[in-house]
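I opened the notebook to look at one structure today. My notes follow the model.

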Amino acid sequence: MSTHAPVALVTGGAGGIGRAIVARLAESGHRVVVADLDREAVHDTATAVPGAVGVVLDVTDPASRTAAIRTCADLGGPQVLVNCAGVLRDARVAKLDPADFRRLQEVNLLGPLALTRLAAREMAHRGGGAVVNLASRAWLGTFGSTAYSTAKGGLVGATRSLAIELGPQGITVNAVAPGFVETAMTDGLPPEIRRRTLDAIPVGRAGRPDDVADAVAYLAGASYVTGQVLPVCGGRSVADPYAA
Amino acid sequence: MTGMLDDRRDLVAGVLGDGALVPTVREALDGVSPGLTRAFCVVPRVPGPASLGDLDDVRLDREVGDALVDALEQVQRAVGALTAGGRLVLVLPHAPLMGLADGAAASAVTNGVLSMARTLAIELARDGITVNVLAVDPAAPSVRALAVALDALLSEGGADVTGQEISLTAGTDLGRLRP
């Protein structure tokens, strides 16, 4: 790994999708900083990926965010930020506790925006960069997902405005909106829900973390693409998501 | 939080929220016929312009986090008072919905509420409650257009319209991708 390799910070980098993004960006020549809450998983991922560096990150903690950016700065400064960290715990609107709603906004929306502020400053000093936000197909609306869809919709909105604001500084800002992707989080779905979900996906299969990683890698290097949301959902966003 | 109105407008729709568009919504409701069912307009508070560099942790927490929690509580209050046939309309400023420089915080709030409305439309359809979004230009709001749109959504025929987003801005967003 060259010491001049562009540095990419991937939050949630030790999770199912995050780990695939880390591997994919490393393959395309990035020096990847793997940032996640789980210390052991961070270590495992960073050890497995050539040139990767691990850092424990709580995206809701200002000191933790600053430390992650400092790690990137020590390696030459972040040129790519992938906001992949997120949580999903939700309820129908009538049963949703505002405190739980707020916590989910902190992890999925406020933390990524705060980290983007720190990273964009570094990127601007170095002539530019790319921010890729992991939104979700839930931004289009999903039953029982008030808090999560709000956070992901908020992230899409911020992506659009930040693309306009940061474009003159050479920084692109885009979002990827995954649909149903096979991860540990989706392994526990009841069989009937799983069948109905898969039946509603035109390409006839669940997504894989690599599908999302490919989209992220593309947007990380696409300097003429900004402010866009790329759904990676097997076509479910244009089909009837409740057809099954 | 603005409470339900206590004059004839309350027969048309209760107004919840403390967004800058509340007076515009109230004025528009003067031109709307009382419907057969209960309706609420939620008008969330949206932060003003701020560059990303100025959005420190305190401002993000207050201007985005607090605004979204307040919007949720306003929506919960409205939904709790609605029964089958009820109507919920969220009124948002148009520019941050579409995106603008120094608009990250405002766009996060407006688009967060937009996605919340999309999910609510799906959730509440089984209860016979419609949820729609109207986008207005706060700098030059067309009260007449807002009244016409509200009249349609709150009318009997509005029962078949849910999960929709209508920009009442005389086509100022034509040629742009919508969120």
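**Entry 1: chain A overall.** I am working from a predicted model. I looked up the secondary structure of chain A and found 8 helices and 7 strands. I then checked its radius of gyration, which is 17 Å. The globule rule gives 18 Å for 244 residues, so chain A is as compact as a globular protein of that length. I noted the span of its C-alpha trace along the principal axes as about 50 × 35 × 35 Å. I see 56% of the 244 residues of chain A counted as buried. For contacts in chain A with a separation of 6 or more, I found that 71% join residues 24 or more positions apart.

**Entry 2: the sheet in chain B.** I traced an open sheet of 5 strands in chain B, ordered β1-β2-β3-β4-β5, with parallel pairing. Its edge strands are β1 (14–16) and β5 (165–167) of chain B, each pairing on one side only. I noted an average twist of 20° from one strand to the next. I followed β2 (residues 39–42) and β3 (residues 87–93) of chain B, which pair over 4 bridges. B:Ala39 has B:Arg87 in β3(B) as its bridge partner.

**Entry 3: helices on the sheet.** I found α2 (residues 22–29) of chain B packed on the sheet, at about 170° to β1(B). I also found α3(B) lying across β1, β2 and β3 of chain B, at about 175° to β2(B).

**Entry 4: where the chains meet.** How many residues of chain B are in contact with chain A? I found 41, in contact with 41 residues of chain A. On this side of chain B, α5(B) gives the most, with 16 residues. I sorted the residues of that side into 21 nonpolar, 14 polar and 6 charged.

How values were computed:
Residues are numbered from 1 along each chain as its sequence is written. Chains are lettered from A and ligands numbered from 1 in the order in which they are written. This is a predicted model: local features need pLDDT of at least 70, side-chain atom pairs count only at pLDDT 80 or more; totals for chains, interfaces and linings use all residues. Two residues are in contact if their C-beta atoms, placed from the backbone, lie within 7 Å. Helices (H or I, at least four residues) and strands (E, at least two) are DSSP runs, numbered from the N terminus. Ala, Val, Leu, Ile, Met, Phe, Trp, Tyr, Cys and Pro count as nonpolar, Asp, Glu, Lys and Arg as charged, and the others, Gly among them, as polar. The radius of gyration is taken over C-alpha atoms; the globule rule is 2.2 Å times the number of residues to the power 0.38. A residue is buried if 20 or more other C-beta atoms lie within 10 Å of its own, exposed if 12 or fewer, and partly exposed in between; C-beta atoms are placed from the backbone. Two strands pair if DSSP finds at least two bridges between them. Axes are lines fitted to C-alpha atoms, for helices over the stretch in contact, and angles run from 0 to 180 degrees between N-to-C directions.
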